[in-house]
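Thanks for passing this one along. Here are my notes, meant to be read with the model open beside them.

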Amino acid sequence: MEVEEVKNLIENGLSGSIVKVKDLKGTGDHFSVEVIWSGFEDMTLIEQHQKVYKTLGKLLTNEIHALQLRTAVN
């Protein structure tokens, strides 16, 4: 997967979010992601991460093998 694909999936799933994605190994399957979104307000850290995972769907276990994730409220 390309960095832009991951970024677009998250941005489309979490409207108004600010997303930064890095390919950690250059192999298109290990990413570091930072998501800032006002919708995370009043969510636990686990709920925030689950919201992001949902935007990636089945890609998370098939094409994306590792996801280092940081979330914050905008």
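The points below go from the sheet and helices to the core and then to single residues.

1. Ground rules. Please keep in mind that this is a predicted model, where local features need pLDDT of at least 70 and side-chain atom pairs count only at pLDDT 80 or more, while totals for chains, interfaces and linings use all residues. Residues are numbered from 1 along each chain as its sequence is written, and side-chain values use heavy atoms, with hydrogens and water left out.

2. The sheet. Three strands make an open sheet with mixed pairing, in the order E1-E2-E3. Helices (H or I, at least four residues) and strands (E, at least two) are DSSP runs numbered from the N terminus, and two strands pair if DSSP finds at least two bridges between them. E1 (18-23) and E3 (66-72) are the edge strands; each has a single partner strand, so one side of each has no neighbour in the sheet. From one strand to the next the twist averages 15°.

3. The E1 and E2 pairing. Six bridges join E1 to E2 (residues 30-36) in the antiparallel sense. If you want a place to start looking, Ile18 stands opposite Ile36 in E2.

4. The helices. H1 (residues 3-13) lies across E1 and E2 and runs at about 155° to E1. H2 (residues 45-56) lies across E2 and E3, at about 125° to E3. For these angles, axes are lines fitted to C-alpha atoms, for helices over the stretch in contact (heavy atoms within 4.5 Å), and angles run from 0 to 180 degrees between N-to-C directions.

5. The core. Which residues touch the most other members of the largest nonpolar core? Of its 15 residues, they are Val6, Ile10, Leu14, Phe31, Val33, Val35 and Val52. H1, E1, E2 and H2 are the elements that give two or more residues to this core, and E2 gives the most, with three. A nonpolar core here is a set of buried Ala, Val, Leu, Ile, Met, Phe, Trp, Tyr and Cys residues joined through side-chain atoms within 4.5 Å; buried means under 20% relative accessible area, exposed over 50%, and partly exposed in between (1.4 Å probe, protein chains only).

6. Val52 and Leu69. Leaving out residues up to four places away in sequence, Val52 touches Ile10, Leu14, Val35, Phe40, Leu69 and Thr71. Leu69 lies in E3 and counts as buried at 12% relative accessibility. Beyond its neighbours within four places in sequence, Leu69 has contacts with Val33, Val35, His49, Val52 and Tyr53.

7. Gln48. This H2 residue is buried, with a relative accessible area of 8%. What does the side chain of Gln48 make a polar contact with? The partner is the side chain of Thr71, at 2.5 Å. A polar contact is a pair of N or O atoms within 3.5 Å; within protein, one must be able to donate a hydrogen and the other to accept it, and residues adjacent in sequence count only if both atoms are side-chain atoms.

8. The aromatic pair. The structure holds one: Trp37 and Phe40 are edge-to-face, 5.2 Å centre to centre with 90° between the planes. Rings of Phe, Tyr and Trp (its six-membered ring) pair if their centres lie within 6.5 Å; planes under 30 degrees apart count as stacked, over 60 as edge-to-face and the rest as tilted. Trp37 is buried at 13% relative accessible area, and Phe40 is buried at 1%.

9. Asp42. In the loop between E2 and H2, Asp42 has a phi near 70°, a positive value in a residue other than glycine. Asp42 counts as exposed, at 77% relative accessibility.
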